[in-house]
Amino acid sequence: MKKILFAALLATVIGYSANAADVKSGPQTGEALPGAFEPFNITGPAAGEESCLYCRFGKDPTVMVFARSQSEGLTKLIGKIEKAVVANKAASLGSAVIYLDTADGIKSSAKKIAEDGKIKETILACIKPADIEEDYKLTKEADVTILLYTNRKVQVNVTFKAGELTEAAAEKVIADLPKILPTK
Amino acid sequence: MRLARRGFWIVAIVLFGALVGCGDSASETPKQVPGVELTEITIAGFEQVIAEQKGKVVYVDVWFLGCPPCVENFPHVVELHRKHAADGLVVMSVDINDKELKKKEKVVNFLMKHEAQFPNYILTDDKRKVIEWQKKNGAEFTPGVILFDRTGERIPVPEDAPNDEIEAVLTKLLATK
């Protein structure tokens, strides 16, 4: 049993590392975020407006996800992020998922995800790819680019090709949160 | 000031049509406030405006409407103007990110709502130039504050400086004749 568990864990870790190494997208670990941008906020305090999430979170620890498409893995990740944000409210952990697609379909599916998953803290937003890809170096191959940052500097960058974001990989992202949270 | 404005399109914010057509509900349309203007300007033009203020203390609020902390801080900027203008403080706002017509109209509404009766500018240079200018002036992050003493020298303001600390510095600068 122990061997099976170990093998499963190893496979998850290898899989996660391989994904991270495969596709390079977004500012890398140690780099500063490129700066302000104004996505359309689908949910959150500025829902229905273009509002700068980079500005909103400022120097606070933040999980920022850029996604080119909706997927089950992403929905699970959003749920896990939400739980983590609620659990780390005292640390002012911020979070947002920004879809690189402004079609009405994405907006309505994001609203549904927020409603179904009772997502209150994590802001769901969308932006035209052309308005952010270049500044944030978001590559086409990366379906999901996840940045864990604090003080506007990236501490963890994880990217996934389409279909690669599994629940286990999402769990590993959450496991990296202590890297941006203040030490107790 | 006159020089800097020449050649640039002065946004005629008193145009009722712009206010009505902003898309907000009628109840959100602010009343007309005399002395509230939004002027398009280049970085070079703005630097000239600053150079013309020698002898006064200048407080520049670097902001834009889509920046929640900027919007939250704006009433404090207006308050600074009200409290210290008579002592020689010149408050200015510089919008770095709302060049599009649709956004500009919303900015005008916002300025009216807050009765921002001081020079309000909107930079027209491209994004990269604006970022460079922000960095050069220690206002990379918004809301940013750029402060000049009466000799025209820039006084560094730490990013996280609380408003009361900045006001204390301002008060000292104003006391220096």
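## Disulfides

Which residue does a disulfide join to A:Cys52? The partner is A:Cys55, and the two sulfur atoms lie 2.3 Å apart. This is a predicted model, and the values in this report are computed from it. The link of A:Cys52 and A:Cys55 is right-handed, with 80 degrees about the S-S bond. A:Cys52 is buried, with a relative accessible area of 0%, and A:Cys55 also counts as buried, at 7%.

Over all chains the structure holds two disulfides. In chain B, B:Cys67 is joined to B:Cys70, with an S to S distance of 2.2 Å. The torsion about the S-S bond of B:Cys67 and B:Cys70 is about 80 degrees, so this disulfide is right-handed. B:Cys67 is buried at 0% relative accessible area, and B:Cys70 counts as buried at 1%.

A:Cys126 is buried, with a relative accessible area of 1%. A:Cys126 is in strand β4 of chain A and is the bridge partner of A:Tyr99.

## Strand β3 of chain A

Strand β3 of chain A covers residues 94–99. Six of its six residues are buried, so the strand is largely enclosed by the rest of the structure. In a regular strand the side chains alternate between the two faces of the sheet. Here A:Gly94, A:Ala96 and A:Ile98 point one way, while A:Ser95, A:Val97 and A:Tyr99 point the other way. The residues of both sets are buried.

β3(A) pairs with strand β2 of chain A (residues 62–67) in the parallel sense, over six bridges. Within this pairing, A:Thr62 has A:Gly94 as its bridge partner. β3(A) also pairs in the parallel sense with strand β4 of chain A (residues 123–126), over four bridges.

## Crossovers in chain A

Which helix belongs to the β-α-β unit that holds β2(A) and β3(A)? It is helix α3 of chain A (residues 72–87), and the unit is right-handed. From β3(A) the chain crosses through helix α4 (residues 104–116) to β4(A), in a β-α-β crossover that is also right-handed.

A:Asn41 is located in strand β1 of chain A, which spans residues 40–41. Is A:Asn41 buried or exposed? A:Asn41 is buried, with a relative accessible area of 0%.

Leaving aside residues up to four places away in sequence, A:Asn41 touches A:Ala46, A:Ala47, A:Gly48, A:Glu49, A:Ser51, A:Leu53, A:Ile123, A:Leu124 and A:Ala125. The C-alpha atoms of A:Asn41 and A:Val97 are separated by 9.8 Å, and the two residues are 56 residues apart along the chain.

Chain A has six helices and six strands. From the N terminus on, its elements run α-β-α-β-α-β-α-β-α-β-β-α. Of its 184 residues, 48% count as buried. Among the contacts in chain A with a separation of 6 or more, 74% are between residues 24 or more positions apart.

Chain B comes to seven helices and seven strands. Along the sequence, chain B follows the pattern α-β-α-β-α-β-α-β-α-β-α-β-β-α. Buried residues make up 49% of the 177 residues in chain B. For contacts in chain B with a separation of 6 or more, residues 24 or more positions apart account for 78%.

## The interface

How many residues does the contact take from chain B and from chain A? Chain B gives 14 residues and chain A gives twelve residues. The size of an interface is often given as the accessible area lost when the parts come together. Between chain B and chain A the buried area is about 1100 Å², and carbon and sulfur atoms give 41% of this area.

The rule finds eight salt bridges across the interface of chain B and chain A. One of the salt bridges in the structure is formed by B:Glu159 with A:Arg152, where the closest N and O atoms are 2.6 Å apart.

Conventions. Residues numbered from 1 in each chain as written. Chains lettered and ligands numbered in written order. Predicted model: local features only at pLDDT ≥ 70, side-chain atom pairs only at ≥ 80, totals over all residues. Heavy atoms only, no water. Buried < 20%, exposed > 50% of the residue type's maximum accessible area, 1.4 Å probe, protein only. Helix = DSSP H or I, 4+ residues; strand = E, 2+ residues; numbered from the N terminus. Pairing = 2+ DSSP bridges. Right-handed = clockwise from strand over helix to strand, strands pointing away. Disulfide = S-S within 2.5 Å. Contact = heavy atoms within 4.5 Å. Buried area = accessible area lost by both parts, 1.4 Å probe. Salt bridge = Lys/Arg side-chain N within 4 Å of Asp/Glu carboxyl O.
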